[in-house]
Amino acid sequence: MDGKRKLTQLSELGEFKLIDHLTKDFVNQNKSSLKGIGDDAAVISTSNGDIVLTTDLLVEGIHFNLVYTPLKHIGYKSVVVNLSDIYAMNARPSQITVSLAVSKKFSLEALEEFYAGVKLACERYCVDLVGGDTSSSITGMMVSITAVGFAPAERLVYRNGACINDLICVSGDLGAAYTGLQILERERKIFESDPLIQPDLAGYDYILARQLKPEARIDIIEKLEKSSILPTSMIDISDGLSSDLLHICTQSKVGCRIYQEKIPINKETARVAGELNLEPLICALNGGEDYELLFTIPLGEAEKATGLQDVSVIGHITGQEKGIKIVTDGGSEILLDAEGWDTMASKNHS
Ligand code: ADP
Ligand code: MG
């Protein structure tokens with residue numbers, strides 16, 4: 001023995017186990033901390049309704065690449081991903097703070113572009129920029145945004161409320177942002193090997209927009225409210241359907257069956273996945289960054305749900321003992337795990 005303590009590589013744990021490990025000894029000391037770690041956002045009670053609070057960190061080279069992402073888009077997306085977490089609690093965002101670390105390579109004009117994107121998102125979603133922090137960094141850019149929202153306590157929807165027989169619904173379509181990222185990465189590599197070759201991005205409009213300019217689904221939240229549907233559980237899809245459905249099922253202590261044929265995949269996504277030798281279903285299950293809403297509703301609301309535009313019913317909740325499974329078009333039942341049922345080769349975000 002050399003007396004040295006063996007240190008643990010973070011990769012041995014993965015993101016979720018790491019968060020659990022680091023925070024397991026924290027006990028809330030304030031009654032007002034209604035919901036702590038573990039949902040899309042924390043919930044703080046006040047005598048005047050509940051406050052919903054979430055934060056996200058975006059790091060250059062991990063979450064965005066400046067080679068193909070205009071700074072205005074990064075500003076816009078950084079805000080939107082936070083608002084998406086607020087909507088996933090069925091709350092309404094109202095304020096954000098923006099903290100920024102930038103290296104010397106950024107000019108005033110570059111940061112103005114970033115803030116133009118932040119402003120566009122603030123206007124589009126009616127939220128106010130109320131503060132933040134600014135620092136220099138040795139390498140690259142880091143953006144940390146915190147969003148605050150409000151909801152009446154009885155309207156809040158958590159990840160842990162799914163019940164047996166509930167229907168599983170998802171908004172929009174899945175896998176597009178991931179295939180968009182693969183196209184951008186492909187063109188980046190071609191460009192880096194030969195700068196004379198211009199990127200060829202024609203025919204990829206939809207998937208590129210989904211990667212570069214995602215939207216938070218306030219329209220779905222509004223439609224649900226108009227139809228008087230209160231989901232029993234909800235999460236936004238940031239890490240992929242598979243991983244996020246797992247969060248709902250494990251926290252609700254239930255199982256589920258989803259059906260391959262019901263999973264909404266845009267035609268362009270399917271075409272490009274084929275072009276990239278990827279299985280469209282795997283892109284939908286594991287891709288992430290779709291920022292669609294995944295929610296469960298009581299079976300009794302089935303009729304109302306099928307009337308909702310841009311919402312697909314993809315399966316139902318079962319008892320926990322039945323496992324968390326997808327039924328493929330061929331009829332086989334496959335267990336979903338945190339990485340989906342086929343680990344993806346590369347995923348450049350966490
Ligand atoms: P989302 O994908 O919805 O943004 P995350 O997977 O980032 O959610 O986070 C899951 C939960 O863990 C959230 O409640 C979040 O606030 C919490 N969390 C993440 N990182 C940390 C950390 N470093 N310390 C404490 N809590 C954290
Ligand atoms: Mg979330």
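**Notes on the predicted model**

1. Helix 7 is mostly covered, with 10 of its 12 residues counted as buried. The structure discussed here is a predicted model. The buried residues of helix 7 are Leu241, Ser242, Ser243, Asp244, Leu245, Leu246, His247, Ile248, Cys249 and Ser252.

2. Helix 7 covers residues 241-252, and its first and last C-alpha atoms lie 16 Å apart, close to the 16 Å expected at 1.5 Å a residue. Just after helix 7 comes Lys253, which takes a positive phi of about 55°.

3. Helix 4 comprises the 18 residues 176-193. At 1.5 Å a residue helix 4 should span 26 Å, and because its end C-alpha atoms are 26 Å apart, the model agrees with that expectation.

4. Which residues of helix 4 are buried? They are Ala176, Ala177, Tyr178, Thr179, Gly180, Leu181, Gln182, Ile183, Leu184, Glu185, Glu187 and Arg188. The elements against which the buried residues of helix 4 pack are helix 5 (205-212), helix 8 (267-275) and helix 9 (280-286).

5. Gly288 is found in the loop that joins helix 9 to strand 10 (293-297). Is Gly288 buried or exposed? Its relative accessibility is 1%, and since buried means under 20%, Gly288 counts as buried.

6. Turning to the whole chain, the model contains 10 helices and 13 strands. Along its principal axes, the C-alpha trace extends over about 60 × 55 × 50 Å. A compact globule of 350 residues would have a radius of gyration near 20 Å, so the 21 Å of the protein chain agrees with that figure.

7. Of the 350 residues, 48% count as buried. Contacts between residues at least 6 apart in sequence were also examined, and 84% of these join residues at least 24 apart.

8. The surface may be considered last. The protein chain exposes about 17400 Å², of which carbon and sulfur atoms supply 54%.

Key: Residues are numbered from 1 along each chain as its sequence is written. Chains are lettered from A and ligands numbered from 1 in the order in which they are written. This is a predicted model: local features need pLDDT of at least 70, side-chain atom pairs count only at pLDDT 80 or more; totals for chains, interfaces and linings use all residues. Side-chain values use heavy atoms; hydrogens and water are left out. Helices (H or I, at least four residues) and strands (E, at least two) are DSSP runs, numbered from the N terminus. The radius of gyration is taken over C-alpha atoms; the globule rule is 2.2 Å times the number of residues to the power 0.38. Buried means under 20% relative accessible area, exposed over 50%, partly exposed in between (1.4 Å probe, protein chains only). Contact means heavy atoms within 4.5 Å. Accessible areas come from the Shrake-Rupley method with a 1.4 Å probe; for residues, only the protein chains shown count as cover. The expected span of a helix is 1.5 Å times one less than its number of residues.
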